[in-house]
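Here is a short briefing on one protein chain. Look at the sequence and the structure, then work through the points below.

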Amino acid sequence: MNKITTYFKESYQELMEKVTWPTWLQLQQSTVIVLVATIIITAMVWAMDFASNQVLKLIYSLFK
């Protein structure tokens with residue numbers, strides 16, 4: 001039981017004293033970067049899905 005208590009005390013101490021938390025501005029900038037990257041990757045996946053769908057429709061229409 002003593003080891004568990006020590007673990008939680010040390011974890012709390014590390015969280016409060018050793019961790020460097022981002023500023024509000026850094027957090028906002030990181031969030032914008034993640035959102036823009038997500039939108040770009042989503043657009044790329046959508047474009048590849050749309051293109052492969054069109055190619056498959058073309059191939060299927062050749063064999064009707």
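Tyr7 lies in helix α1. Tyr7 counts as exposed, because its relative accessible area is 53% and the cut-off for exposed is over 50%. Keep in mind that this is a predicted model.

**Helix α1**

- Helix α1 covers residues 2-18, which makes 17 residues.
- Helix α1 is hardly covered. Among its 17 residues, the count of buried ones is 0.

**The chain as a whole**

- The protein chain has 2 helices and 0 strands.
- Is the chain compact or spread out, judged by its radius of gyration? The radius is 25 Å, while the globule rule gives 11 Å for 64 residues. The value is well over the rule, so the chain is more spread out than a compact globule.
- The C-alpha trace spans about 75 × 35 × 10 Å along its principal axes.
- What share of the 64 residues is buried? The answer is 0%.
- To be buried, a residue needs under 20% relative accessible area.
- The accessible surface of the chain comes to about 6500 Å². Carbon and sulfur atoms account for 71% of that surface.

**Aromatic pairs**

- How many aromatic pairs does the structure hold? There are 2.
- One of them joins Tyr7 and Phe8. Their ring centres are 5.4 Å apart, with 70° between the planes. This pair is edge-to-face.
- Both Tyr7 and Phe8 are exposed.
- Trp46 and Phe50 also form a pair. Their ring centres lie 5.4 Å apart and their planes meet at 15°, so this pair is stacked.
- The cut-offs explain the two labels: planes under 30 degrees apart count as stacked, and planes over 60 count as edge-to-face.
- Why are Trp46 and Phe50 about one helical turn apart? The reason is that they are 4 residues apart in helix α2.
- Trp46 has a relative accessible area of 56%, so it is exposed.
- Phe50 has a relative accessible area of 42%, so it is partly exposed.

- Helix α2 runs over residues 24-62.
- Which residues make the nonpolar surface patch? They are Val32, Val36, Ile40, Ile41, Met44, Val45 and Met48.
- The patch has an area of about 670 Å².
- Val36 sits in helix α2. Its relative accessibility is 42%, so Val36 counts as partly exposed.
- Gln29 is in helix α2 too. Gln29 is partly exposed, because its relative accessible area is 44%.
- Ser52 is another residue of helix α2. Ser52 has 35% relative accessibility, which means that it counts as partly exposed.

**After helix α2**

- Where is Phe63 placed? Phe63 is in the segment after α2.
- Is Phe63 buried or exposed? Phe63 is exposed, because its relative accessible area is 71%.

**Distances along the chain and in space**

- The C-alpha atoms of Gln29 and Ala47 are separated by 27 Å. These two residues are 18 apart along the chain.
- Ser52 and Val32 are 20 residues apart along the chain. Their C-alpha atoms are separated by 30 Å.
- Phe63 and Trp21 are 42 residues apart along the chain. The distance between their C-alpha atoms is 60 Å.
- Tyr7 and Ser52 are 45 residues apart in sequence. In space they are 53 Å apart, C-alpha to C-alpha.

Notes:
Residues are numbered from 1 along each chain as its sequence is written. This is a predicted model: local features need pLDDT of at least 70, side-chain atom pairs count only at pLDDT 80 or more; totals for chains, interfaces and linings use all residues. Side-chain values use heavy atoms; hydrogens and water are left out. Patches are made of residues with over 30% relative accessible area and no salt bridge: like charges are joined within 9 Å, nonpolar side chains (Val, Leu, Ile, Met, Phe, Trp, Tyr) within 5 Å. Accessible areas come from the Shrake-Rupley method with a 1.4 Å probe; for residues, only the protein chains shown count as cover. A salt bridge is a side-chain nitrogen of Lys or Arg within 4 Å of a carboxyl oxygen of Asp or Glu. Buried means under 20% relative accessible area, exposed over 50%, partly exposed in between (1.4 Å probe, protein chains only). The expected span of a helix is 1.5 Å times one less than its number of residues. The radius of gyration is taken over C-alpha atoms; the globule rule is 2.2 Å times the number of residues to the power 0.38. Rings of Phe, Tyr and Trp (its six-membered ring) pair if their centres lie within 6.5 Å; planes under 30 degrees apart count as stacked, over 60 as edge-to-face and the rest as tilted.
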